[in-house]
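This briefing is for a reader meeting the structure for the first time. It covers a sheet, a helix residue and a set of salt bridges.

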Amino acid sequence: MASSPSLALALVFSFLSCYAFVASQASSDGFLQCLSAAIPKQLLYTQSSPSFTPVLVSSVRNPRLFTPTTVRPLVIVTPTSASHVQSAVICGRRHDVRIRVRSGGHDYEGLSYRSERPEVFAVVDLNMMRSVRVNQRAGTASIDSGATLGEVYYAVSKASKQLAFAAGLCPTIGVGGHLSGGGFGMLLRKYGAAIDSVLDATLVDAEGRLLDKKAMGKDVFWAIRGGGGESFGIVLSWKVKLVPVPPKVTMFKLRKTIDEGVVDILTKWQVLAPALPEDLFIRVVVQKGEAEFQSMYLGTCDKLLPLMGSRFPELGLNRAHCKEMTWIQSVPYIYLGSTATVEDILNRTTSLDTFNKATSDYVRQAIPKDGWVKIFDLLAKPNAGIMITDPYGGKISSFPESATPFPHRGGVLFNIQYMNFWSAATDGSAQTKWLKDFYGFMGPYVSNNPRLAYVNYRDLDLGENVVVGNVTSYKAAKVWGEKYYKGNFNRLAFAKGKIDPDDYFRNEQSIPPMVARK
């Protein structure tokens with residue numbers, strides 16, 4: 001990638017040229033002075049600033065992760081250009097201050113803006129870098145990492161009613177984190193994971209260099225597409241392929257209770273849903289004594305009804321259940337509810353009234369009927385949570401496990417996300433205990449050796465890094481790393497060794513560097 005001729009970028013690289021790669025003694029004051037010399041002060045929020053807490057909280061999605069004891073950053077940097085991000089990295093390296101990166105704030109353990117242990121760190125918040133540029137003729141979009149999925153979907157729909165981006169359901173998720181972990185939603189069976197559509201990316205590495213796909217090299221480009229955020233650098237933007245959608249899609253939400261035979265229906269669903277035509281996606285939210293089947297069909301109700309009648313008559317779908325709409329209208333319908341509007345997906349804020357904790361699993365063999373009976377028994381207990389199941393098969397399962405770091409491909413029936421919720425009126429101990437017990441119960445029914453998990457449903461209970469000699473331990477990281485990445489974990493460590501051998505970018509579940517011996 002050619003460097004910009006601007007004075008700001010020239011100053012950045014002058015900083016780089018005189019940077020001593022041996023880490024100096026930590027100097028908070030020196031770091032802040034370095035930032036102030038390179039970045040407009042109005043883009044910097046120190047702990048003494050009256051705006052510090054509002055800016056920090058602006059993208060906190062879970063109050064469990066923001067308490068009086070939360071380890072807060074020394075400063076929040078809100079860059080508006082690549083040169084600001086480069087300067088933040090160079091200043092951080094010079095003064096031994098690490099950086100965490102936040103795009104939408106949806107990291108399930110809040111690692112984009114907090115630390116589990118006391119340390120001096122800064123947050124680069126990409127909220128101000130959220131442009132979405134759609135090339136309708138080429139069928140591509142260039143997306144800044146600070147944009148939310150809702151903003152991306154909205155921009156794509158304005159450019160074309162028959163183009164979409166195949167990514168997640170929640171409109172407030174930041175693109176940077178979503179693509180860093182894989183990303184999937186209602187179009188996963190037709191078009192795969194979000195990372196399967198990535199064509200190029202722009203990365204600021206640990207030396208402050210601005211790299212595109214060619215400059216970063218094939219191993220690092222492979223790694224950033226699903227290898228987790230904050231390990232390889234700061235991805236500023238992504239170029240993605242958009243996908244065609246019909247003028248109308250058909251949605252339905254259909255609830256079935258235990259008395260209506262939901263156990264038998266789920267016993268069939270788990271093997272049928274991954275084998276249905278790719279145009280049909282049926283996920284299930286299971287809680288208490290019922291399950292809600294949520295579906296998108298890339299076609300009309302007239303075509304969906306005979307398909308469901310022949311393949312899945314047990315669900316009892318009829319014309320009254322069908323809701324025909326445009327693809328963009330399906331986004332608020334499925335996540336925000338039937339009364340939400342398309343404009344509602346542009347809202348970046350979320351309520352901080354509800355605390356939550358989550359974890360995940362992958363199912364490769366059908367759960368027996370008596371297993372589903374026991375699942376409903378546990379979901380009926382006090383303080384129970386929910387389980388959200390997304391079927392695979394189709395396009396997402398067509399890629400080899402090694403195609404991207406995201407290894408959950410062929411042979412997967414469905415993904416499970418377990419979640420539990422509580423309010424400030426309780427400490428959440430009963431809810432987290434239920435979640436732990438339920439996860440333990442599910443062990444015999446899910447993948448094993450290793451028991452797999454999805455990195456975008458991050459769970460520190462799976463393991464945390466240990467730093468030895470100022471470098472993350474490969475042995476400790478492997479405990480959680482193989483659960484997210486299977487055999488791809490080793491290649492990720494070598495990619496990390498190429499782009500960040502000194503382990504500057506790290507957190508409690510970042511990839512450790514391995515350097516190939518010559």
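An open sheet is built from 7 strands in the order β15-β12-β14-β13-β17-β18-β16, with antiparallel pairing. At its edges are β15 (323-325) and β16 (355-363), each of which pairs on one side only. On average, neighbouring strands of this sheet are turned by 20° against each other, direction ignored. The model is predicted.

**Strand β14 and its partners**

- Strand β12 (residues 249-257) runs antiparallel to β14 and is joined to it by 8 bridges.
- Strand β13 (residues 280-287) also runs antiparallel to β14, and 8 bridges join the two.
- Serine 295 in β14 stands opposite phenylalanine 252, and isoleucine 282 stands opposite serine 295 as well.
- A hairpin is formed by β13 and β14, with 2 residues between them. In that turn, lysine 288 has a positive phi of about 45°.

**Elsewhere on the sheet**

- Strands β12 and β15 run antiparallel and are joined by 3 bridges. Methionine 251 has lysine 323 in β15 as its bridge partner.
- Helix α10 (residues 262-272) lies across β12, β13, β14, β17 (386-391) and β18 (414-422). The helix runs at about 40° to β14.

**Lysine 496**

- Helix α16 (residues 488-499) contains lysine 496.
- With a relative accessibility of 0%, lysine 496 counts as buried, because the limit for that class is under 20%.
- A polar contact of 3.5 Å links the side chain of lysine 496 to the side chain of aspartate 503.
- Apart from neighbours within four places in sequence, the residues in contact with lysine 496 are Ser231, Phe232, Pro501, Asp503, Phe505, Ile511, Pro512 and Pro513.

- Aspartate 502 lies in the segment after α16 and arginine 93 in helix α4 (residues 82-94), so the pair ties together parts that are 409 residues apart in sequence.
- Aspartate 502 is partly exposed at 41% relative accessibility, whereas arginine 93 is buried at 7%.
- Aspartate 219 and arginine 491 form a salt bridge in which the closest N and O atoms are 3.3 Å apart. This pair links helix α9 (residues 218-224), which holds aspartate 219, with helix α16, which holds arginine 491, and the two residues are 272 residues apart.
- Arginine 491 counts as partly exposed, with 32% relative accessibility.

- Lysine 357 forms a salt bridge with aspartate 461, and their closest N and O atoms are 3.6 Å apart.
- Which of the two partners is buried and which is exposed? Lysine 357 is buried, with a relative accessibility of 8%, and aspartate 461 is exposed, with a relative accessible area of 63%.
- Through shared partners, salt bridges join Arg64, Glu109, Lys357, Asp459 and Asp461 into one network.

How values were computed: Residues are numbered from 1 along each chain as its sequence is written. This is a predicted model: local features need pLDDT of at least 70, side-chain atom pairs count only at pLDDT 80 or more; totals for chains, interfaces and linings use all residues. Side-chain values use heavy atoms; hydrogens and water are left out. Two strands pair if DSSP finds at least two bridges between them. Helices (H or I, at least four residues) and strands (E, at least two) are DSSP runs, numbered from the N terminus. Buried means under 20% relative accessible area, exposed over 50%, partly exposed in between (1.4 Å probe, protein chains only). A polar contact is a pair of N or O atoms within 3.5 Å; within protein, one must be able to donate a hydrogen and the other to accept it, and residues adjacent in sequence count only if both atoms are side-chain atoms. Contact means heavy atoms within 4.5 Å. Axes are lines fitted to C-alpha atoms, for helices over the stretch in contact, and angles run from 0 to 180 degrees between N-to-C directions. A salt bridge is a side-chain nitrogen of Lys or Arg within 4 Å of a carboxyl oxygen of Asp or Glu.
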